[in-house]
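Hi,

Here is the structure I promised to pass on. Have a look at it first, and then read on for what turned up.

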Amino acid sequence: MNDADRNPAPADGTPEPAEDRTPVPIEDTRFGAVTVHQEGQDRLEVVGEGIPRVTLERDPAAEVDPQIAIGTRDPAFLTLRVDGREAVLKPAKGALSRRSYRVDVEYDGVSYRLVPDSVPSSRLTRDGLHLGDFSSDGDELVIAEWREDADLRPADAAIGYALASAFGTGGQPMWMMIVDGVSSALP
């Protein structure tokens, strides 16, 4: 007996209600349990005992890009809040180079940047200081690898987890994209 036999669809054709998912906390090596929760491409939230709450919301009027977890890279349609206070979010447009996928944040007089630095991961900096590396496919599973010598603040982690989840991490170098493009054009 398969799942469809055990739980047949309603006769009127309405879809079954979505299964309740409780996000699983990620155990951060410096900040303890951190939970990332995405609500489709509309909103995400990062919470943890040792970090401030971060929310990132997309305006429903924005055109949705299925390749981006939060749905858009247009800052006019995104609102980032750290501990209830709005932060300035500036995602770059995203083009050929890794750097074009950077995401900048201004919060509490500090400049953060998440920028791809390898195929799977992105580097998080605060005022130019390398804090650590994040890996995520743009989902609720985010891995942070902090630099041992970094003087970390709770907001660093909260912002890093939110950006990695919302925009994903990593990127191919330009030369690799060019080779892929040329090879796909060949018969």
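First, a word on terms: helices (H or I, at least four residues) and strands (E, at least two) are DSSP runs, numbered from the N terminus. On that basis the chain has three helices and eleven strands. Along the sequence they follow the pattern α-β-β-β-β-β-β-β-β-β-β-β-α-α.

Before the details, please keep in mind that this is a predicted model, where local features need pLDDT of at least 70, side-chain atom pairs count only at pLDDT 80 or more, and totals for chains, interfaces and linings use all residues. Residues are numbered from 1 along each chain as its sequence is written, and side-chain values use heavy atoms, with hydrogens and water left out.

**The sheet**

The eleven strands make an open sheet in the order S1-S2-S3-S4-S5-S6-S7-S8-S9-S10-S11, with antiparallel pairing. Two strands pair if DSSP finds at least two bridges between them. At the edges are strand S1 (26-28) and S11, each of which pairs on one side only. From one strand to the next, the twist averages 25°; the axes here are lines fitted to C-alpha atoms, for helices over the stretch in contact, and angles run from 0 to 180 degrees between N-to-C directions.

Three bridges pair S1 with strand S2 (residues 32-39) in the antiparallel sense, and Ile26 stands opposite Val34 in S2. S2 and S3 then pair, again antiparallel, over six bridges; Thr35 has Val47 in S3 as its bridge partner. These two strands form a hairpin with three residues between them, and Gly40 in the turn has a positive phi of about 60°. S3 and S4 also run antiparallel, joined by five bridges, with Val46 opposite Val54 in S4. The hairpin from S3 to S4 goes through two residues.

Contact here means heavy atoms within 4.5 Å.

H2 has 14 residues and reaches 20 Å from its first C-alpha to its last, close to the 20 Å expected at 1.5 Å a residue (the expected span is 1.5 Å times one less than the number of residues). H2 is also mostly covered, with 13 of its 14 residues buried. Buried means under 20% relative accessible area, exposed over 50%, and partly exposed in between (1.4 Å probe, protein chains only). Just after H2, Gly168 takes a positive phi of about 75°.

**The aromatic cluster**

Searching the whole structure gives three aromatic pairs. Rings of Phe, Tyr and Trp (its six-membered ring) pair if their centres lie within 6.5 Å; planes under 30 degrees apart count as stacked, over 60 as edge-to-face and the rest as tilted.

Phe134 and Trp146 make an edge-to-face pair, 5.3 Å centre to centre with 90° between the planes. This pair links distant parts of the chain: Phe134 is in strand S10 (residues 129-135) and Trp146 in strand S11 (residues 143-146), twelve residues apart. Both Phe134 and Trp146 are buried.

Phe134 also pairs edge-to-face with Tyr161, at 5.4 Å centre to centre and 85° between the planes. Phe134 lies in strand S10 and Tyr161 in helix H2 (residues 154-167), so this pair ties together parts that are 27 residues apart in sequence. The relative accessible area is 0% for Phe134 and 1% for Tyr161. Ring pairs link Phe31, Phe134, Trp146 and Tyr161 into a cluster.

**Two aspartates in loops**

Asp83 has a phi near 55°, a positive value in a residue other than glycine. Asp83 sits in the loop between S5 and S6 and is exposed, with a relative accessible area of 53%. Asp127 is not a glycine either, yet has a positive phi of about 50°. Asp127 lies in the loop between S9 and S10 and is exposed at 51% relative accessible area.

**The chain as a whole**

Of the 187 residues, 41% count as buried. Among contacts between residues at least 6 apart in sequence, 44% join residues at least 24 apart.

Cheers
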